[in-house]
Amino acid sequence: MTNKTTRHHVSQEKLPVSMTQFIENMKSRFGQSGDIIYRELTLGAIPTVMVYIEGMGDPRLLIEAIHADLPLFIEFPNQSPEVRMKMLKELTITMGKVGEASTFQEVEGKLLSGNTIIFMDGTSTSLYVGTEALKQRGVEEASSQSVVRGPREGFTESLRENTALVRRRIQSPRLRIEERTVGEHTNTLMAVMYVDGLYDIEVLDELRRRLDEIKLDSVLESNYIEEMIQDHRYSPFPTVYNSERPDVIASALLEGRIAIFVEGTPFVLVVPALFVQLFQSSEDYYQRWDFASLVRLLRYLCFGIALLTPSLYIAITTFHQEMLPTNLLTSLIGQREGVPFPAFIEALIMEITFEILREAGIRLPKSIGQSVSIVGTLVIGQAAVEAGLVSAAMVIVVSITAIANFALPSFNIGISVRILRFGLMGIAASFGLYGMIIGMIIIGLHLCSLQSMGVPYMSSFAPIRWRSQKDALLRMSRHSMKKYVTKSKP
């Protein structure tokens with residue numbers, strides 16, 4: 001799906017005074033759409049129309065309130081339409097959100113958001129009433145970031161419900177929300193959330209500048225925003241973090257970060273994103289500190305295994321056989337005796353096959369997807385070994401690599417590892433361990449050069465920050481961690 005980045009200037013067209021002309025203009029704009037309902041009624045001899053979208057707005061309570069106060073309008077028949085509109089707004093409508101719209105562009109935006117529009121003949125303004133009734137998916141457990149201990153709530157596709165889930169955890173008047181719309185045709189609502197006094201004002205100003213520069217025809221998911229505000233578009237490493245867990249977003253806000261909510265998606269963006277953040281799980285703070293520290297170290301180990309194991313196997317078996325013990329070397333030679341391909345092609349075949357099985361397991365229906373993945377992996381792996389296409393050792397290496405990749409808590413860092421792994425495999429097949437070392441140096445230099453909203457990506461390692469080390473590689477006890485407040489707005 002492509003997006004045009006051009007934005008056409010639309011002049012603001014004022015509403016007419018005639019109700020008949022208003023209805024004709026609305027029907028012309030929406031192309032006689034069958035889901036646009038025009039409910040005409042009379043309020044004290046003044047023709048009035050209520051407009052709403054069936055399925056998105058539910059004006060039943062509003063209609064009941066107007067009918068209940070209908071004698072009040074009949075009792076004063078000589079009142080002007082402006083006075084009746086004021087009575088309608090201040091006395092009759094007791095629902096939560098009520099406002100005025102004086103242009104067709106405003107009316108369109110409010111109507112498409114699920115509001116009900118009320119237009120009274122003889123006035124040049126209309127009222128919009130919050131009657132949103134779009135059915136949303138209920139709050140369920142987050143599927144992409146599951147935990148053993150901790151909250152089971154996950155975000156939904158409703159922006160307002162998502163912000164409420166965070167506000168329920170941070171019950172502070174210092175929690176700020178800035179709303180705006182993006183997308184020329186979709187008019188997608190988004191919200192920027194931060195805690196006053198904790199955020200970095202330079203980061204917030206930079207974020208506002210980048211959001212103001214977004215010019216897209218449509219925004220259907222938070223990734224549209226992520227790609228437009230990220231610092232390094234060609235880097236394999238994510239510089240914008242995302243999560244569908246309210247407790248993770250609340251924790252990030254209390255650390256001085258800024259969250260970005262987008263209507264229609266359960267994934268919330270967080271900036272700035274740091275490399276260490278990709279290895280942290282919300283469960284780290286719901287378990288004992290010593291156990292959480294060991295598990296976090298295990299994740300870093302899994303990162304190294306998932307990134308380097310295939311290339312290390314290729315380099316050693318191709319160039320550095322003297323590094324292996326004699327018994328192990330003899331066993332590997334015996335396994336590879338009938339294999340017609342070099343180690344690199346062998347690893348490439350297995351890695352691509354596993355990626356195909358992974359994608360097939362995701363796309364297939366849940367009832368059979370997992371079974372196909374497991375059975376396919378076992379059958380294909382066993383058949384490939386018996387057919388002599390790959391060695392048993394290579395199947396073990398690819399399996400360990402895949403399991404280590406799944407142990408990473410962030411899906412984005414898993415994708416980065418999968419991309420870099422193929423490059424390191426090619427370098428190892430060409431230059432051995434020396435090429436691997438050069439490749440790792442290049443990756444390290446690239447990581448140190450990255451920034452997220454102007455913040456060094458490798459903080460707190462490069463530049464090193466000693467007071468942040470208590471929650472970097474390890475998660476120290478709460479008694480030893482002190483409050484750290486970032487540079488913020490005075």
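Biologist: In this predicted model, what makes the contact between R299 and D284 a salt bridge?

Modeller: The side chains of R299 and D284 come to 2.9 Å, N to O, and a salt bridge asks for a side-chain nitrogen of Lys or Arg within 4 Å of a carboxyl oxygen of Asp or Glu, so the pair meets the definition. R299 lies in helix α10 (residues 289-319) and D284 in the loop between β10 (268-271) and α10, so the pair ties together parts that are 15 residues apart in sequence. Both R299 and D284 are buried.

Biologist: How do you know that E355 and R421 also form a salt bridge, and which parts does the pair tie together?

Modeller: For E355 and R421 the value is 3.8 Å, N to O, and the limit is 4 Å, so the pair still counts as a salt bridge. E355 belongs to helix α12 (residues 343-363) and R421 to helix α15 (residues 411-449), so parts that are 66 residues apart in sequence are tied together.

Biologist: Why is E355 called buried, and why is R421 called buried?

Modeller: Buried means under 20% relative accessible area; E355 has 13% relative accessibility and therefore counts as buried, and R421, with a relative accessible area of 2%, is therefore buried too.

Biologist: Why are α12 and α15 described as roughly antiparallel?

Modeller: The axes of α12 and α15 come within 10 Å and cross at roughly 170°. Angles over 145 degrees count as roughly antiparallel, and therefore α12 and α15 are given that description.

Biologist: Which residues of α12 and α15 meet?

Modeller: On the α12 side they include F344, L348, I352 and E355, and on the α15 side they include R421, F422 and M425.

Biologist: What makes R208 and D205 a salt bridge, and where do the two residues lie?

Modeller: The closest N and O atoms of R208 and D205 are 3.5 Å apart, which is within the 4 Å limit, so the pair counts as a salt bridge. Both residues lie in helix α7 (residues 201-212), 3 residues apart, or about one turn of the helix. The structure holds 22 salt bridges, and E206, R209, R210, E213 and D231 are linked in a network of them.

Biologist: Are R208 and D205 buried, exposed or partly exposed, and why?

Modeller: Partly exposed lies between the buried limit of 20% and the exposed limit of 50%. R208 has a relative accessible area of 27% and is therefore partly exposed, and D205, at 39% relative accessibility, therefore counts as partly exposed as well.

Biologist: Why is N187 called partly exposed and M453 buried?

Modeller: N187 has 43% relative accessibility, which falls between 20% and 50%, so N187 counts as partly exposed. M453 has a relative accessible area of 4%, under the 20% limit, so M453 is buried.

Biologist: Which two residues does a cis peptide bond join?

Modeller: The cis bond joins V271 and P272, with omega about -5°, and P272 has its place in the loop between β10 and α10.

Terms used: Residues numbered from 1 in each chain as written. Predicted model: local features only at pLDDT ≥ 70, side-chain atom pairs only at ≥ 80, totals over all residues. Heavy atoms only, no water. Helix = DSSP H or I, 4+ residues; strand = E, 2+ residues; numbered from the N terminus. Buried < 20%, exposed > 50% of the residue type's maximum accessible area, 1.4 Å probe, protein only. Axes fitted to C-alpha atoms, helices over the stretch in contact; angles between N-to-C directions. Parallel < 35°, antiparallel > 145°, perpendicular 65-115°, else oblique. Contact = heavy atoms within 4.5 Å.
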